Amino acid sequence: MKKLFPHPVLAALLLGLWLVLQQSIGFGHVLLGSIIAIGASLAAAKIIPEPVRIRNPHLLLKLAAIAGLDIVRSNIALLMVLGNPRPKPKAAFIEMKLELTDTFALAVLACLITATPGSAWLEYNREHSTVLIHVFDLVDAADWETTIRTRYEALLLEIFQ
Amino acid sequence: MSPDLPLWLAILVSLFVFLGALLTMAGCLGLVRLKTFYLRIHAPTMGTSMGGGLILLASAIYFSITRERPIFHEIIIFAFVTVTTPVTLMLLARATLFRDRVEGSAEIPQRDA
């Protein structure tokens, strides 16, 4: 079982992706999708040796909701700054230490921070486990770090580690 | 085009498309208007997050109604855009960071060895 499914999460995601793409849950689609999912996850096992573990799947929904809300909010905020004829954002770099070490969780955090307009994940330093983030319009650095820590990192720690 | 689409829904779909296009355009204009690389990387994110999201949402609603079954391919497009943006961003950003550090730019946080 373990040999056939080295990456159960990835396989499930791929099967889901296939079915959404086909817009059908007919037997043929499920069968073909499963073959592709298992084959691809076997191939992925050569590249990503450690499997992804999701401890609390239900928290993923909460994470998605929080991220969605933040994306809408920061889109509006960025639109306001750019709507100004002479935009004067207070841009700044932030270097913060992360407790998160799981590769997959870090990737999710990078996607979320980058998907939110106004903040961009630039570089992760594995030796010091610090991340360099560029913020478009920074009001308060300490406050911003706390937001990332409490809103995202705490949740990701619960889900993945 | 489609007689099956009720007026209020047509208005809703158009509103989503319009708002999405507006956000995407604001992002593109920002890319042109902002002065430095680090500021510029933020502007197009509006297009890849909410701008694109609203257009995709409008597309999902429109085709779900006119084809009379739920259509949500759009979720995949959104997921792929969200997952692939950081890859390009990090590639560009790290190249720029490297260059700026070699040049000894004072604004860039140095990598402590």
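Colleague: Into which domains is chain A divided?
Modeller: Chain A has domain 1 (8-47) and domain 2 (58-160). Domain bounds come from an automatic or database domain assignment. The C-alpha centres of these two domains of chain A lie 31 Å apart.

Colleague: What kind of model is this, and how are residues numbered?
Modeller: This is a predicted model, where local features need pLDDT of at least 70, side-chain atom pairs count only at pLDDT 80 or more, and totals for chains, interfaces and linings use all residues. Residues are numbered from 1 along each chain as its sequence is written, while chains are lettered from A and ligands numbered from 1 in the order in which they are written.

Colleague: How many helices and strands does chain B have?
Modeller: Start with the rule. Helices (H or I, at least four residues) and strands (E, at least two) are DSSP runs, numbered from the N terminus. Chain B has four helices and zero strands. Its order from the N terminus is α-α-α-α.

Colleague: Is chain B compact or spread out?
Modeller: The globule rule is 2.2 Å times the number of residues to the power 0.38. For the 113 residues of chain B the rule gives 13 Å, but the radius of gyration is 19 Å, well over that, so chain B is more spread out than a compact globule. Its C-alpha atoms fill a box of roughly 65 × 25 × 15 Å along the principal axes.

Colleague: What share of chain B counts as buried?
Modeller: Count C-beta atoms, placed from the backbone, within 10 Å of a residue's own. With 20 or more others the residue is buried, with 12 or fewer exposed, and in between partly exposed. In chain B, 29% of the 113 residues count as buried.

Colleague: Where does A:Ile94 lie?
Modeller: A:Ile94 is in strand 1 (residues 92-97) of chain A. A:Ile94 counts as partly exposed because 18 C-beta neighbours lie inside 10 Å. Leaving out residues up to four places away in sequence, A:Ile94 touches A:Ile133, A:Val135, A:Ala141, A:Trp144 and A:Glu145.

How values were computed. Two residues are in contact if their C-beta atoms, placed from the backbone, lie within 7 Å.
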